[in-house]
Number of protein chains: 2
Amino acid sequence: MPRPSVREVILDTAVAELHRTGFAACSVDTITKAAGVPKGSFYNHFKSKEALGAEAVARYAEGSGWGDGEPADMRAVERLRHRFELMRDVVIEHEFTRGCLIGNMGAEQADHSAVIRAQVDVSLKGWSESIGELILTGQAEGDIAAGQEPERLGRFMLNAFEGTLMRVKVVKTTEPFEDFFGVFFDVLLCQ
Amino acid sequence: MPRPSVREVILDTAVAELHRTGFAACSVDTITKAAGVPKGSFYNHFKSKEALGAEAVARYAEGSGWGDGEPADMRAVERLRHRFELMRDVVIEHEFTRGCLIGNMGAEQADHSAVIRAQVDVSLKGWSESIGELILTGQAEGDIAAGQEPERLGRFMLNAFEGTLMRVKVVKTTEPFEDFFGVFFDVLLCQ
């Protein structure tokens, strides 16, 4: 198996470091040191820290595990619950730290970096469309109330989850997750 | 009228600068320069940048305008809508930038500063309790569906709004606000 390229090592390290510390708090020097590569090699692979930040968001979104390895016969409403539970469990495993790198980068950098903002937009859009499709299928399967517009509810569900992740980082308990799952799965999707 | 003290000038400037740029991206030097006070005076008034950050969150929360100047005879559900509309309009006025300083500081600093995390927690808790009380009153007035637990719904509504503000910064349109108001006021509070 070939060794991962310097570029790949830098990118994977950036995902971890940006997730742990945030964008402004994390220098190119921190990333190359943590990656164990010469600082001088950075600009051979990335145009700027911003360009790396945008690629890190895309890499994180691809590797989120959303929808991985589900039984083919799972109903859409159960898929939806299962996927959000997986996202929740990762945060619990990390002792209520870090949250979602996509949302963190949006909150911190959307006003300051056009390239990061654009990638966060693409990643959130893909994610909320996936939620909307599950809601549509769940409506067709008769498990989700039919009255609501699935695309809107998909966007809202993702935004509500991103706010939930922020609140979880602050309170360091599962309460915001319980609020999220309770309102969505016991009320909103049943109406 | 006496001139505001150096301490007050630093604090008000910090609210504006932290809101505009974020915590890590904003140095003590930036704040004292923007405030027009000597950098050396900073530590006479604040123990650390973190301590200032926490005070800035508290100052921002106090000055949010939430509930200011409402007619005494407004019904709770209309108060709730009116207050969130005011928060929305401030963001639109600032061309979809900045979001909420409390949520931004939570997302960026909750894992890194115990003193900022504690203040964000207090400010969000006060805010969601206020929402919960309006929901309870709205239920008693018969305008909000009675089936749901007002405190939980208050916490959830705030978390969903914080995620909405993050998404607004990213998409730079009113769509996330429309999703939020649509789901809450046309569906969730009516069920």
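Predicted model: local features only at pLDDT ≥ 70, side-chain atom pairs only at ≥ 80, totals over all residues.

Setting aside neighbours within four places in sequence, I listed H19(A), Y60(A), N104(A), L165(A) and K169(A) as the residues in contact with G99(A). I also noted G163(A), which is 64 residues from G99(A) in sequence and 9.7 Å from it in space, C-alpha to C-alpha.

I then turned to the pair of chains. Chain A superposes on chain B by a rotation of 180 degrees with 0.0 Å of shift along its axis, at an RMSD of 0.0 Å, and I recorded this as the relation of a two-fold axis. Because 100% of the interface residues of chain A are also interface residues in chain B, the copies meet through the same surface.

For the extent of that interface, I noted about 3900 Å² buried between chain A and chain B, with 59% of it on carbon and sulfur atoms. On the side of chain A, the residues that lose the most area to chain B are F156(A), R167(A) and V170(A), together 17% of what that side buries.

Last, I looked up the charged and polar pairs. I recorded eight salt bridges between the chains, including one in which the side chains of R155(B) and D179(A) meet at 2.8 Å, N to O. Across the interface there are 20 residue pairs in polar contact. Helix 8 of chain A gives the largest share of the side that touches chain B, 15 residues.

Technical notes: Residues numbered from 1 in each chain as written. Chains lettered and ligands numbered in written order. Heavy atoms only, no water. Contact = heavy atoms within 4.5 Å. Least-squares fit on C-alpha atoms with pLDDT ≥ 70 in both. Buried area = accessible area lost by both parts, 1.4 Å probe. Salt bridge = Lys/Arg side-chain N within 4 Å of Asp/Glu carboxyl O. Polar contact = N/O pair within 3.5 Å; in protein donor to acceptor, adjacent residues only side chain to side chain. Helix = DSSP H or I, 4+ residues; strand = E, 2+ residues; numbered from the N terminus.
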